[in-house]
Amino acid sequence: MDFSETYRFSGPVPVCSPCGKYIAAATEYRLVVRDALTTQVAQIYSCIDKISDVQWCPSSTYIMCGLVKRAIVQVWSVVEPDWTCKIDEGLAGAEAVQWSPDGLHILVTADFQIRITIWSLASKSFVYISGPKHATRGIKFSPDGEYMAVAERKECKDIISMYTCSNWSLVHQFPISTSDLEDLAWSPDCACLVAWDSCLTYKLVVCTPQGEILTVYSAYPNALGIKSVEWSPSGQMLAVGSFDQEARILNHATWSPLAVLGHPGNITSPEDAVVYKEVADISNAASQVPTKAAKSHYIVCQLPVKVTQQKVPLDKPNVRLGVGKVCWSKDGHYLVSINENMATTVWIWDMQKLQLAAVLLQTSKVTDVSWDTQQSRLLICTGSSIIYLWSPDGASCVHVPLSGFEACSAVWSPDGRKLVLSDRDAYCCAYLEQSK
């Protein structure tokens, strides 16, 4: 694996364009666009205030800078450097911004969720949608880009409104039986929509875009509920992580659990599960406890294996407890989960066998995990000078040879050949060798 030099950024994490050709990073008032392969500067844009959000349009033609404090959005064209656009929300403010699937409209959610303003880059017109429930959550586009589902709250009841993306007119509006709707997620085939309640109640509702309720699922009553939800790429399974430290896999036919994936403190089964434990290289430290700048490697442990757990303070708010992340591999063969009170452990599940495939025991808290966009290969970051790769063939530790650089997060390029690794105020590119 080869690495570029580091480059500074501030504010939002650098983002790779959907075409994989460019990387955009904000530095105070400036937006710097680099060639992803050579890291040479392609464009530099100057904004009128500090940049708080950077987003590429789906076609990679335009790039948007959100200046939330000023309620302004500035848009630039990579193809036509002289083309610019400025959107000013004025007194309404701007809490969140996002692109529409066609890359020709920008959605701006006003302060206090007063409204969503949909601006057209082509016609310079705009449309208002009043009263979304959330600024960023609960506003979801169908995978085919035809519809937008918006969670709303009217007369103390949750409502889902369906809008067509062709002219932003209301198509359907129906109530949903959640007490405090948290978020929405479309199935990959656009056949149904899942909505789930806030963490205070375990309740998940699956419905069609027309409002027909397919199922209402609750794993248990009177306890903290759902933390994470993600559809499999095929749409045949739905992974639901919860505060009880388990992930449930629902099937699309009966909406009942196919499997309940537990995260025990002592791993005893299955026999073919592989447990990798990170240890320091002997040359680094006699204590065998690696620092953030030390090199390390994996050893394979024999079952049973004890997993490090953090004690949960029950007298404090926002406790780190439960399955806060579930994420499917590109082909849907594997699922990775993170149990937040086992912050140094990564769980990887074989979803064809519905059983544990591998566990990675890190020495530092896991800060990010992400799947390769082209194959079943997982990248793990722990805020150290080492990044970790897992595939069905094994696991490895890769030292980042850049002084003082600690990888906290990573973004794969669409072709799976490059990585954008981010520290707190610097980033670099990593280039993977391609198998023949």
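This is a predicted model: local features need pLDDT of at least 70, side-chain atom pairs count only at pLDDT 80 or more; totals for chains, interfaces and linings use all residues.
# A guided tour, starting at a cysteine

Select cysteine 429 first: its sulfur lies 6.8 Å from the closest cysteine sulfur, the one in cysteine 428, which is too far for a bond. A disulfide here means a pair of cysteine sulfur atoms within 2.5 Å. Cysteine 429 is also buried, with a relative accessible area of 2%.

Residues are numbered from 1 along each chain as its sequence is written, and side-chain values use heavy atoms, with hydrogens and water left out.

**Stop 1: another cysteine**

How many disulfides does the rule give? The count comes to 0. Cysteine 190 is buried, at 16% relative accessible area.

**Stop 2**

Now colour the strands. Strands (E, at least two residues) and helices (H or I, at least four) are DSSP runs, numbered from the N terminus. Two strands pair if DSSP finds at least two bridges between them. Strands of a sheet pair through backbone hydrogen bonds, either parallel or antiparallel.

Look for the open sheet of 4 strands with the order S19-S20-S21-S22 and antiparallel pairing. Which strands stand at its edges? They are S19 (181-186) and S22 (213-217); each has a single partner strand, so one side of each is left without a neighbour in the sheet. From one strand to the next, the twist averages 15 degrees. For such angles, axes are lines fitted to C-alpha atoms (for helices over the stretch in contact), and the angles run from 0 to 180 degrees between N-to-C directions.

Zoom in on S19 and strand S20 (residues 193-197): they run antiparallel and are joined by 5 bridges. Select leucine 184 and you will find alanine 195 of S20 opposite.

**Stop 3: a second sheet**

Select S7-S8-S9-S10, the order of another open sheet of 4 strands with antiparallel pairing. Here the edge strands are S7 (53-56) and S10 (84-88), each with a single partner strand, so one side of each has no neighbour in the sheet. S7 pairs with strand S8 (residues 62-67) in the antiparallel sense, over 4 bridges. Click on glutamine 55 to find its bridge partner in S8, methionine 64.

**Stop 4: a hairpin**

Go to strand S39 (residues 409-412) and strand S40 (residues 418-422), an antiparallel pair joined by 4 bridges. Tryptophan 412 stands opposite leucine 419 in S40. The hairpin has 5 residues between the strands, and glycine 416 takes a positive phi near 75 degrees in it.

**Stop 5**

Most residues other than glycine have a negative phi, and most peptide bonds are trans.

- Select glutamate 28, in the loop between strand S4 (22-27) and strand S5 (30-35). Its phi is positive, near 55 degrees, and at 37% relative accessibility glutamate 28 counts as partly exposed.
- Select glutamate 155, in the loop between strand S16 (147-154) and strand S17 (157-164). Its phi is also positive, near 55 degrees. Is glutamate 155 buried or exposed? At 77% relative accessibility, glutamate 155 counts as exposed.
- Select serine 269 and proline 270, which are joined by a cis peptide bond with omega about -5 degrees.
- Select leucine 303 and proline 304: the peptide bond between them is cis, with omega near 0 degrees.

**Stop 6: two buried residues**

Select tryptophan 255, in the loop between strand S25 (246-251) and strand S26 (257-262). Tryptophan 255 counts as buried, at 9% relative accessibility. Next, select alanine 239 in strand S24 (residues 237-242). Alanine 239 counts as buried too, at 0% relative accessibility.

Terms used: Buried means under 20% relative accessible area, exposed over 50%, partly exposed in between (1.4 Å probe, protein chains only).
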